[in-house]
Amino acid sequence: MTSQSYLTELFSLEGRVALVTGGSSGIGRAIAKALAHAGAKVVVIARKEAELIATVDELVADGCRAAWVSADLSTRDGVRAAAEEAAAVFGEPDILVNSAGVNLRPPMGDLTDEVWDATMAVNLEAPFLLGQRFGPGMAERGFGRIVHITSQQAHRAFVQSGAYGVSKGGLESLARSQAEAWSPYGVTCNTLVPGFVMTPLNRRLSSDPATVAELAARTLVGRNGLAEDFAGAAVFLASRASAYVTGQSIFVDGGLSVH
Ligand SMILES: NC(=O)c1ccc[n+]([C@@H]2O[C@H](COP(=O)([O-])OP(=O)(O)OC[C@H]3O[C@@H](n4cnc5c(N)ncnc54)[C@H](OP(=O)(O)O)[C@@H]3O)[C@@H](O)[C@H]2O)c1
């Protein structure tokens, strides 16, 4: 066996279909790119068409198979419509990555019902609804991979965690509940836990050099995360290689959480 065929057997996503929410920006975009380059047909879901088109154009130019669906995942109807539209492109997905997220940071005393609802809808309810839509089918077919993107704020308070930290804590619990339900049928459900990653989500913090340096110093690697840092872990969790890894929270944070 050549090393190429060994790696293909473990990690190739050839023949798989993946849906990546938030796949038009930051961590989700890097993951969509990684899964597509590993062989999967990828559908990216977000609201803004220009970013979706740019992402898909880049993937297609690289010889990958990719498509986009524009949808607002902050409403149940939006999620349900997006799921049907996305599944109609390349067929029912084998891999679901929930990266779409919002981080609204009012101080706890100013946190309104509206901010709470908006946060829970995108960060927690959409992954739940998509899991309900696609998890049972994956289980019936005997293979599935569900990957959620959570946050260090699922584990500790950090810069007005407010509703955001709660939503991410819930998302890690959702992964464990999904893992309990579907792992016996070949569907693993895990989360990737970022530390501080330089993406549009935290533009305010990441545009302040003092904050950037201070956060980098809190890692063990000595720098903040880049979206591309998630590529390898995402391919692993989407592949055959991770068949015995389920219900886990895997930190991709340069050691921030253990420092
Ligand atoms: N960056 C970090 O330091 C960090 C740390 C911990 C966790 N995370 C988590 O990592 C994930 C990705 O974050 P990121 O940093 O890559 O952020 P990002 O670059 O801002 O990407 C967020 C993505 O979510 C989509 N999205 C947001 N609201 C949506 C909605 N209502 N409907 C559909 N799509 C929506 C955005 O597209 P549209 O705006 O076009 O809809 C975009 O594609 C998030 O879940 C975030 O909580 C990030």
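Biologist: By class, how many nonpolar, polar and charged residues does the shell around the ligand have?
Modeller: This is a predicted model. Helix α2 (residues 26-37) gives the largest share of the shell, 3 residues. By class, the shell around the ligand has 12 nonpolar, 12 polar and 4 charged residues.

Biologist: Which residues come nearest to the ligand?
Modeller: There are 28 residues around the ligand. Those that come nearest are G22, G26, R47, G101 and L201.

Biologist: In what order do the 7 strands form the open sheet?
Modeller: The edge strands are β3 (66-70) and β7 (249-252), each pairing on one side only. From one strand to the next the twist averages 20°. The pairing is parallel, and the order is β3-β2-β1-β4-β5-β6-β7.

Biologist: Which residue in β3 does A46 stand opposite?
Modeller: Strand β2 (residues 41-46) runs parallel to β3, and 5 bridges join them. In β3, the residue opposite A46 is S70.

Biologist: Which strands does α6 touch where it packs on the sheet?
Modeller: The direction of α6 makes about 165° with that of β6. The strands touched by α6 are β5, β6 and β7.

Biologist: Is α5 roughly parallel or roughly antiparallel to α6?
Modeller: Helix α5 (residues 113-141) and helix α6 (residues 162-182) pack with their axes 9 Å apart, at an angle of about 10°. Angles under 35 degrees count as roughly parallel. Therefore α5 is, relative to α6, roughly parallel.

Biologist: How many charged residues does the contact of α5 with α6 have?
Modeller: Among the residues that meet are W116 and F128 in α5, and Y164 and K168 in α6. By class, the contact has 13 nonpolar and 7 polar residues, and the number of charged residues is 1.

Definitions and conventions: Residues are numbered from 1 along each chain as its sequence is written. This is a predicted model: local features need pLDDT of at least 70, side-chain atom pairs count only at pLDDT 80 or more; totals for chains, interfaces and linings use all residues. A residue is near a molecule or strand if its C-beta atom, placed from the backbone, lies within 6 Å of it. Helices (H or I, at least four residues) and strands (E, at least two) are DSSP runs, numbered from the N terminus. Ala, Val, Leu, Ile, Met, Phe, Trp, Tyr, Cys and Pro count as nonpolar, Asp, Glu, Lys and Arg as charged, and the others, Gly among them, as polar. Axes are lines fitted to C-alpha atoms, for helices over the stretch in contact, and angles run from 0 to 180 degrees between N-to-C directions. Angles under 35 degrees count as roughly parallel, over 145 as roughly antiparallel, 65 to 115 as roughly perpendicular and the rest as oblique. Two residues are in contact if their C-beta atoms, placed from the backbone, lie within 7 Å. Two strands pair if DSSP finds at least two bridges between them.
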